[in-house]
Amino acid sequence: PKHKSRVLTEGPDRAPARAYLKGIGFDDEALSKPIIGVASTWIETMPCNFHLRALSAKVKEGIRAAGGTPMELNTIAISDGITMGTEGMRTSLVSREVIADSIELVARGHMFDGIVALSGCDKTIPGTVMALARVDVPAVMLYGGSINPGTFRGADVTIQDVFEAVGTHAAGNMSDEDLTELENAASPGAGACGGQFTANTMAMAFEVMGISPVASAMVPAQDATKAEVAFEAGRLVMDVLARGQRPSDIITKKSIENAIAAIAMSGGSTNGVLHLLALAHEAGVDLDIDDFDRISEKTPMLCDLKPGGQFFKGPWLKVAPLVNMLLRQWRRKVSEWLDPSPIRSRQAAALQSSRATLPRKAALSSSQGTNGGTTLGQPRYLREKSRQWLQPKRAGSSSRGTWLSSAMKVPLGDLECVRCLP
């Protein structure tokens, strides 16, 4: 397992290196174990990444529990939302490359045997994975999670409502006091924007790709189980190391196409094009912008998420078992999921039925897919399983954390969703 760090820490000639490390608390036992870099994008300039320092501590606990020695490093981040409309926004895309470069440099220089990279905001997510693809040592990417919605006069609100309120205020239809009250309520804590914006889109895509643990991305930043998810990610990287599984084994043409299909299915951010093309370049995968059209045209849209839809991302944890079940069953023929009768004449009825079956905050609806003229009725799996999976937890039942710990061990590298879609 010490396939790289042994060069740095073993043998009489490495005594000076060990002396340096012993000065900051690494003893002989720690240095005899695999060294795992914990690459955190923690920063105090935004809520998206603000909590990653605490999650890093939990990741390191998991690594130690599984027999590794963690070494934490930090890099930078730029908030698109905060810098938007100013010259500062020009720095955002550049930050992706700086993030990837800095993680790569430290990982190569200190010869880590494995890496856990923690991301939060838009550019840190692809930036961390691009670094993992370059270094190609056993690795896991952990997403910090979505922010919870705020409450404004009895209604759930997100940062999107604040952006829209700026226009309302400029038109003279909102007072200064009301705008201030809304901005004070819209971001109730840490986490990335609460909809299928770039952060949640890319986090979901990398989970489907297999470089992130299953079901980890949908756990909100401030959910009580997020610490356990981080701990399990630390344990998971040691299992990945023991198996010798590298990012190059996971980031393939097929897995990237899975990610593209997931973005299309969820109505995700078009920045997925920008970031997946960059990742494919780093991984040496032949991917073209036309591949996005080809996959999108045959992928039905199943979600109704903000910013274009109705629902917030935070409540997705309530349907985590359902989403996991869908991932497990993705390789089934879509025709086995759907009613075999013609759908087009029943679009409105199907949409109304699906939304009545699933709780509104579940965020999963059976909307009409418009890509390539595809239309979609209510999936049979959703109809039959929704009530069973979405029931509130009863007293004495297993915790979500226990379920997540189990679900995160499910490998996703062999999904073939694209080939099975009509």
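**View 1. Buried residues of helix α4 in the predicted model.** Leu-52, Leu-55, Ser-56, Val-59, Lys-60, Gly-62 and Ile-63 are the residues of α4 that are buried. They sit on the same side of α4, because the arc they cover around the axis is only 160 degrees. An α-helix has 3.6 residues a turn, so residues three or four places apart point the same way.

**View 2. Length of α4 and the residue Gly-67 just after it.** Helix α4 runs over residues 52–65 and has 14 residues. From its first C-alpha to its last, α4 reaches 20 Å, close to the 20 Å expected at 1.5 Å a residue. Just after the helix, Gly-67 has a positive phi of about 100 degrees.

**View 3. Packing partners of α4.**

**View 4. Helix α6 and its buried face.** Helix α6 covers residues 92–109, and its 18 residues should span 26 Å at 1.5 Å a residue. The end C-alpha atoms of α6 are 26 Å apart, which agrees. Its buried residues are Ser-92, Ser-95, Arg-96, Ile-99, Ala-100, Ile-103, Glu-104 and Ala-107. Down the axis of α6 these residues fall within an arc of 165 degrees, so they line one face of the helix.

**View 5. Surroundings of α6.** The buried residues of α6 pack against the strands β1, β2 and β3 and against α5 (80–83), α7 (124–135) and α14 (271–283). Just after α6, Met-111 takes a positive phi of about 50 degrees.

Methods:
Residues numbered from 1 in each chain as written. Predicted model: local features only at pLDDT ≥ 70, side-chain atom pairs only at ≥ 80, totals over all residues. Heavy atoms only, no water. Helix = DSSP H or I, 4+ residues; strand = E, 2+ residues; numbered from the N terminus. Expected span 1.5 Å × (residues − 1). Buried < 20%, exposed > 50% of the residue type's maximum accessible area, 1.4 Å probe, protein only. Arc of directions from axis to C-beta. Contact = heavy atoms within 4.5 Å.
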